[in-house]
Amino acid sequence: MHSEMAGQAHFQRDVRNFIVNNFLFGQPLELQADESLLRKGVIDSTGVLELVAFLEGEYGIKVEDDEVVPENLDSIASVAAYLAKKLSSRS
Amino acid sequence: MGTIDGRLWITFNGEIFNFIELREELAAKGHSFATRSDTEVILNAYREYGEDCVHRFNGQWAFGIWDTDRRQLFLSRDRMGVRPLFYTRTKNRFLFASEIKALLACPEVSAEIDLQGLDQIFTFWATLPPRTAFKNIWHLPPGCSLTVANGQVRVRQYWSASYMQAEQSSSDEGVLADELLHLLEDATRIRLRSDVPVGAYLSGGIDSTVTTALVRKIAQERLRSFSITFEDTEFDEKQFQDEASRFLGTQHSSISCSNSDIANVFPDVIYHAEQPVIRTAPAPMFLLSKLVHDAGFKVVLTGEGADEVLGGYDIFKEAKIRWFWGRHLESSWRPLLLRRLYPYMESLQRQPTAYRQHFFRVTAADLSSPFFSHLPRWELTARIKAFFSADVRAALSGCDDMKEIAEMLPPSYESWNYFARAEYLETKFLLPGYILSSQGDRMAMAHSVEGRYPFLDCRVVEFASKLSPKLKMKVLNQKHLLKRAVDGLIPASISRRPKQPYRAPDGKCFFGNSAPDYVPELLSRRVVEEIGLFDPTAVSALVAKFQAQRVTGIRDNMALVGVLSTQLLVHQFINQRIEA
């Protein structure tokens with residue numbers, strides 16, 4: 001349990017870095033881990049495809065079409081949780 | 001030119017297409033003419049009707065008349081804003097011109113970016129008139145006249161689009177289609193009045209095919225047509241251009257536009273546009289006008305305006321679907337219609353359903369907004385303002401573009417339906433502020449080519465504004481009445497093809513081995529910092545994203561083109577002026 005939480009924290013850091021560099025262009029923005037990326041205007045209509053490409057490229061996973069839903073990808077926390085679940089199911 | 005008695009003097013950019021009829025009318029009233037030009041007709045019409053003369057003109061104009069008796073300057077601009085007219089005031093002078101650069105040639109006129117104008121372009125794609133991208137330089141709004149007398153400047157709106165629709169029954173449809181065709185034929189006929197040969201743009205879409213077909217019907221000689229083709233197949237319409245040309249028997253010439261062509265001419269494009277742009281689409285139009293010029297033509301007819309006045313744009317379809325969804329927000333199948341939007345945009349088509357529904361979302365507040373149709377577009381565009389520097393953001397605090405545009409709406413706007421409101425917003429702001437200027441007149445005139453637009457004939461516009469939206473867009477079929485009106489005149493394959501708006505490759509044009517030197521220079525941290533309008537860290541991160549070919553979105557492309565064009569504008573109009 002402890003290592004799972006540590007893993008999710010690690011994923012959250014990676015995802016946050018990706019979002020800051022890729023969508024916020026290095027600009028500071030108060031962004032809580034559980035805040036909606038869509039409502040906050042961080043991810044535009046096609047930005048989620050960039051996020052999917054990042055996850056697949058960085059972690060070697062395959063994001064299925066029916067997994068590209070806000071429940072999995074609309075906050076830093078939900079992306080990290082999705083990633084942890086996806087990687088654990090692979091191992 | 002002056003009148004024979006020396007009382008009135010005029011400077012005139014444009015055309016009055018009904019000048020022959022007006023000349024006869026004025027001659028019958030006793031006015032004498034020394035020439036057969038439309039310029040002299042304006043002078044005598046002014047003498048006869050005063051400032052109201054503009055109501056009688058059918059054309060595209062920007063003119064200034066100096067009345068020596070009244071010691072009054074009278075400026076006027078056409079209804080739709082085809083021809084540009086800028087002005088400014090200095091301590092002792094009132095200055096006006098067709099181009100901002102002419103005003104900036106006067107040493108007492110300062111060249112400074114209008115930050116609110118920049119903010120508006122980064123929201124609406126255009127400044128809200130009379131604001132321009134330059135501080136203290138103003139644009140006379142379309143449909144307006146201006147007088148200067150006794151040191152006082154007065155602007156008067158003499159015309160505005162109105163959408164008080166009559167509900168036509170379906171049995172009227174054939175009659176209305178015939179009437180539309182008749183009006184378009186006459187609009188085309190008077191636009192062929194010219195001392196020089198007239199050509200036509202043929203994009204492969206319905207509108208330019210219609211205008212070309214009408215020219216062919218009226219003028220018997222073989223017509224020259226011109227088009228752009230793109231190396232990038234996502235944007236190319238060559239197949240339909242060739243088909244239209246074959247069907248109409250035109251002698252067709254086209255110019256192929258590569259990504260590097262766009263990057264190479266982009267500084268010239270901004271020099272002529274005189275404002276930042278967030279799309280590269282003006283660049284191929286610049287190349288096209290050069291092709292026309294090199295072929296020895298000075299006048300072309302185009303299909304511009306049909307989408308605005310006859311229900312062609314996808315934003316109208318988008319509004320229709322969102323409105324339909326908004327009436328039953330709990331519906332699960334209504335938002336599925338959003339898939340029918342923007343079929344030509346690969347990146348949008350790849351959007352997962354949930355995300356598409358979020359982007360085009362409808363809320364109760366949206367439904368009551370006067371800007372319902374345009375909220376997704378404006379919100380998306382406004383996100384590129386995140387690239388503004390901290391100083392610019394601080395200077396803009398307190399500026400409210402939405403309030404400013406709301407104050408410009410006519411009193412009757414509130415009573416119009418969502419479709420008419422969408423048409424008004426397109427026609428009033430985007431059409432003159434971007435389509436007819438940055439992408440139209442300015443690019444054509446860069447090579448001394450004059451565009452003429454039958455769909456923007458005042459009779460066509462006023463006829464169309466009274467049509468029911470159901471006749472413009474039947475279910476989701478755009479320009480329904482126009483298609484019915486021109487049935488048989490153009491190839492069925494073009495009439496039936498899905499709408500493909502004119503677009504060009506954007507940000508990627510400026511990267512890669514063939515990128516011109518000005519791009520890394522103007523986007524460098526040093527120059528971005530020096531100019532001070534944008535955040536150097538954000539711009540560097542955006543450039544890195546393009547260099548790594550990680551860009552998929554519309555927002556990033558708009559940001560890149562917006563930043564680069566603004567840097568070019570400052571470099572060419574402000575920094576080089578200081579250095580000189």
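A crossing of two helices is called right-handed if the near helix is turned clockwise from the far one by less than a right angle. Keep that handy for these exercises on a predicted model.

**Exercise 1.** Work out how α11(B) and α18(B) are oriented to each other, and which hand their crossing has.

*Solution.* Start with the axes: helix α11 (residues 314-326) of chain B and helix α18 (residues 418-435) of chain B come within 10 Å and cross at roughly 150°. Angles over 145 degrees count as roughly antiparallel, so that's what α11(B) and α18(B) are. As for the hand, α11(B) passes α18(B) in a right-handed crossing.

Now the residues. On the α11(B) side you'll find B:I315, B:F316, B:A319, B:K320 and B:W323, and they meet B:Y418, B:F419, B:A422 and B:E426 of α18(B). Sorted by class, this contact has seven nonpolar and two charged residues, and no polar ones.

**Exercise 2.** Describe the side of chain A that touches chain B.

*Solution.* Count first: 17 residues of chain A are in contact with 24 residues of chain B. Next, pick out the helices of chain A: α1 (2-22) and α2 (47-59) each supply at least two residues of that side. The largest share, four residues, comes from α2(A). Finally, the classes: seven nonpolar, eight polar and two charged residues on the chain A side.

How values were computed
Residues numbered from 1 in each chain as written. Chains lettered and ligands numbered in written order. Predicted model: local features only at pLDDT ≥ 70, side-chain atom pairs only at ≥ 80, totals over all residues. Axes fitted to C-alpha atoms, helices over the stretch in contact; angles between N-to-C directions. Parallel < 35°, antiparallel > 145°, perpendicular 65-115°, else oblique. Contact = placed C-beta atoms within 7 Å. Nonpolar A, V, L, I, M, F, W, Y, C, P; charged D, E, K, R; others polar.
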